[in-house]
Amino acid sequence: MLVFVALSIVAVLLFALFDYRQKIKRLEGTQFTGPGFLPILGHAGFFLFKKPSEVLDLVTKGSQEFGKMTRVWMVNMLFLGIADPKYVEAILNSPVHINKAIEYSYLNNWLGDGLLLTTGKKWQTRRKILTPAFHFKILEYFVEIFDKQSKIFVEKLEQFSAKTPVNICPLISLLTFDVICESAMGTSMESQLNRNSEYVEGVKEITDILHKRMYNALLRIEFFYRLSKSGKREREIVKTLHKWTDRIIEKRRQDLLEGIASRKVQGNAEVGQKDKMALLDILLQATVDGKPLTNEDIREEVNTFMFAGHDTTTSGISFLLYNIALYPEVQEKIVEEIKYVLGMDPKKLFTFGDLKNMTYLECVIKESLRLFTPVPMVARYFPEEVELKCMRIPAKSNVVINAFCMGKDPSLYPDPDTFNPERFLEDEIEGRNPYSYIPFSAGPRNCIGQKFAMAEMKTLVVRLLQKYRISVDPSYDKPILIATIVLRAKNGIVLNFEKRTS
């Protein structure tokens, strides 16, 4: 018995030594550095007992200590962190290296093989189908919906006195949910008025579950994850989310069959309510190789857009309002621009073109997205060894592009912790590598809905500041950042809203 135990220990030690040497060998000739790692486990122990709020801090400190090219081993999986715009450009601008990292596959049960996760010919086909939905002529029609939902948000603030602390995050989540449902799906959910949305709560819970899975070595193994409480709960939530989406698709399909609100997507489309359902209409009327998309095909894209257009926009708007409230001088400059471009009458309608003229507000939004990037990291998978701009990427590597850390890099943004919208004026951005700023990603797989999101954020800020002067509640310190799939504030964003008298 003792001999067997001794041989077992020797076998484990030999395997650990072999594993360690293999890890070292794979990294030879690369520029990637990082902390020491254990045989077999790698750095998995670093993340095992970390809270979501601690993970982002750990990644940020790692980048500061080891530089813009870092590496992490999660058991036998190699992750290469990049926060250098030169290399970021080489990866994101490539039409070849577009495979998403393995962690994105955790979203498959929910999002299926939609635009975010698919690759190859299918991705090209879907992207081509969906691009017309975000043409500026179509976006013109959505401004009315942005405005309608923003006014509801502003009216709901009437229930709070000037000194009442208001956590805006849940309110913003309902706002963006209503916007995305009505503008893209043609469905009015009125969740801002009802305050109850099973879909919104489901999305928040599932992103928390999947984030925890990414940093848990045991749950990364499909067999153990399926047996876990988290895996079981994810399947329950996905069933609920799919049921909700299927119901909307079936209703809209039936409407089209009956000839209700049908339209053409081409430039000669009539203006009216029907023009506000571009995404779902396009999907329902699209064909691939002469065949219409199935309900499952459509659901993949609907769920993808609901996730990308709801959760990320909620994050962007929440931190944007925090920054506007934190810096009164910035807020007043925005108000002056509103007065000049649109006026302060909350009943006066405006257009997509008017919003484009809000150039200072756009700089404020960009600066907020720099500091609080809604999707802190994006990643690609490299099945084969690749050399890009003198950078060797070993085969079977996940390359993690750290947009969050780039936004805090003093070599890219002098005095990076200072909120300075002027750094995004045209004269200031000249000569700056555009890949140092990627809140909407970049290259062939950039965010298809970035103009949609920018117009939505501008509309809310305009309607809010026309009526209220906003400030950070004195009891609130600062956001405690949690990087789940999107960036959130663990302690919410707590503001005060005081009605303007002039």
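A residue counts as buried when its relative accessible area is under 20%, as exposed when that area is over 50%, and as partly exposed in between. The legends below describe a predicted model.

**View 1. Helix α14 is mostly covered.** Of the 32 residues in α14, 28 are buried. The helix runs through residues 295–326. From its first C-alpha to its last it reaches 46 Å, which is close to the 46 Å expected at 1.5 Å a residue.

**View 2. The structure holds one cavity of 30 Å³ or more.** Rolling a probe the size of a water molecule over the atoms shows where empty space is left. The largest cavity contains about 40 Å³ of space. Its lining is made up of Leu 369, Arg 370, Thr 373, Ala 403, Gly 407, Ser 436, Tyr 437, Ile 438 and Pro 439. Two elements, α17 (359–371) and α18 (403–407), each give two or more residues to this lining. By residue class, the lining has five nonpolar, three polar and one charged.

View 3. A disulfide is a covalent bond between the sulfur atoms of two cysteines.

**View 4. Cys 405 is a buried cysteine.** Its relative accessibility is 9%. Cys 405 counts as buried because this value lies under 20%.

Terms used: Residues are numbered from 1 along each chain as its sequence is written. This is a predicted model: local features need pLDDT of at least 70, side-chain atom pairs count only at pLDDT 80 or more; totals for chains, interfaces and linings use all residues. Side-chain values use heavy atoms; hydrogens and water are left out. Helices (H or I, at least four residues) and strands (E, at least two) are DSSP runs, numbered from the N terminus. The expected span of a helix is 1.5 Å times one less than its number of residues. Buried means under 20% relative accessible area, exposed over 50%, partly exposed in between (1.4 Å probe, protein chains only). On a 1 Å grid over the protein atoms alone, a cavity is a set of points where a 1.4 Å probe fits but cannot get out, and a pocket is an open set with protein on both sides within 12 Å along at least five of seven lines; lining residues have an atom within 4 Å of a point. Grid points are joined across faces, edges and corners, and a volume is the space filled by probe spheres set on the points. Ala, Val, Leu, Ile, Met, Phe, Trp, Tyr, Cys and Pro count as nonpolar, Asp, Glu, Lys and Arg as charged, and the others, Gly among them, as polar.
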